[in-house]
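Please keep the sequence and the structure in view while reading.

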Amino acid sequence: MDQIEYLYFIPLLIYGIALSDIFSEYKRLLHANSHYWPYIILIFILSETAVYNVYTLYNLHKNLETNNYLQYWIFLGPPIIFMLAVNSIVLKDDATNKEKLEKHFKDRVSNTYLLMALYISSHLIPLMSAGTTIDNLVRIFFILVILLNVFSKKDWTFYFLVGLYFMSLILKFNKFLFT
């Protein structure tokens with residue numbers, strides 16, 4: 001194991017723990033009476049976000065072995081924030097009651113949104129960002145839309161965010177397919 005593999009172990013482990021928590025929620029798809037769609041959609045979004053960030057982690061930080069200890073902690077920030085966002089929304093019990101799931105979602109989703117806004121913001125730090133100016137403007141726009149969701153508490157803002165997310169997903173796949 002070389003130094004770079006050694007340094008990537010902790011962030012990948014953190015993303016792995018978050019993914020394990022997310023994937024454990026897929027069992028709710030098997031229970032017909034526990035389909036609360038905003039919760040299920042958010043779980044899918046978190047799944048894709050984690051997998052994408054694991055996939056792009058190395059490309060964003062090819063020179064990790066030259067970072068100092070403080071820079072390594074900054075590097076660990078986004079995975080830790082992401083894991084906190086996942087843990088803020090994932091229901092830890094096996095309840096299959098849709099009403100309980102809906103109540104849990106509505107009680108906890110603001111915390112998740114705030115943590116996801118912080119997570120996206122962490123990618124604006126120069127050490128963490130490998131994106132272009134356009135990428136950073138898109139991130140800022142998403143942060144604002146997520147914060148709108150925190151403060152408005154309206155259903156349409158959630159579906160607006162989901163629509164924007166799926167548009168960005170199409171652009172992301174388009175970028176990978178045609179480059």
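Helices are here DSSP runs of H or I with at least four residues, numbered from the N terminus. The model is a predicted one, and within it Ser-47 lies in helix α2, which spans residues 37-60.

With a relative accessibility of 5%, Ser-47 falls under the 20% limit and therefore counts as buried. Its side chain joins that of Tyr-26 through a polar contact of 2.8 Å, and, leaving aside residues up to four places away in sequence, Ser-47 touches Leu-19, Ile-22, Phe-23 and Tyr-26.

| Helix pair | Angle | Axis distance |
|---|---|---|
| α3 (residues 69-89) and α4 | roughly 170° | within 8 Å |
| α4 (residues 98-122) and α5 (residues 133-152) | about 165° | 9 Å |

The angle between α3 and α4 is roughly 170°, and because angles over 145 degrees count as such, α3 is roughly antiparallel to α4. Among the residues that meet here are Pro-78, Ile-81 and Phe-82 in α3 and His-104, Phe-105 and Arg-108 in α4; the residues of this contact divide into 12 nonpolar, six polar and one charged.

Helices α4 and α5 pack at about 165°, which makes α4 roughly antiparallel to α5 as well, and their crossing is left-handed. The contact is made by residues including Ser-110, Tyr-113 and Leu-114 of α4 and Arg-139, Phe-142 and Ile-143 of α5, and the residues of the contact of α4 with α5 comprise 10 nonpolar, three polar and one charged.

Methods:
Residues are numbered from 1 along each chain as its sequence is written. This is a predicted model: local features need pLDDT of at least 70, side-chain atom pairs count only at pLDDT 80 or more; totals for chains, interfaces and linings use all residues. Side-chain values use heavy atoms; hydrogens and water are left out. Axes are lines fitted to C-alpha atoms, for helices over the stretch in contact, and angles run from 0 to 180 degrees between N-to-C directions. Helices (H or I, at least four residues) and strands (E, at least two) are DSSP runs, numbered from the N terminus. Angles under 35 degrees count as roughly parallel, over 145 as roughly antiparallel, 65 to 115 as roughly perpendicular and the rest as oblique. A crossing is left-handed if the near helix is turned anticlockwise from the far one by less than a right angle, and right-handed if clockwise. Contact means heavy atoms within 4.5 Å. Ala, Val, Leu, Ile, Met, Phe, Trp, Tyr, Cys and Pro count as nonpolar, Asp, Glu, Lys and Arg as charged, and the others, Gly among them, as polar. Buried means under 20% relative accessible area, exposed over 50%, partly exposed in between (1.4 Å probe, protein chains only). A polar contact is a pair of N or O atoms within 3.5 Å; within protein, one must be able to donate a hydrogen and the other to accept it, and residues adjacent in sequence count only if both atoms are side-chain atoms.
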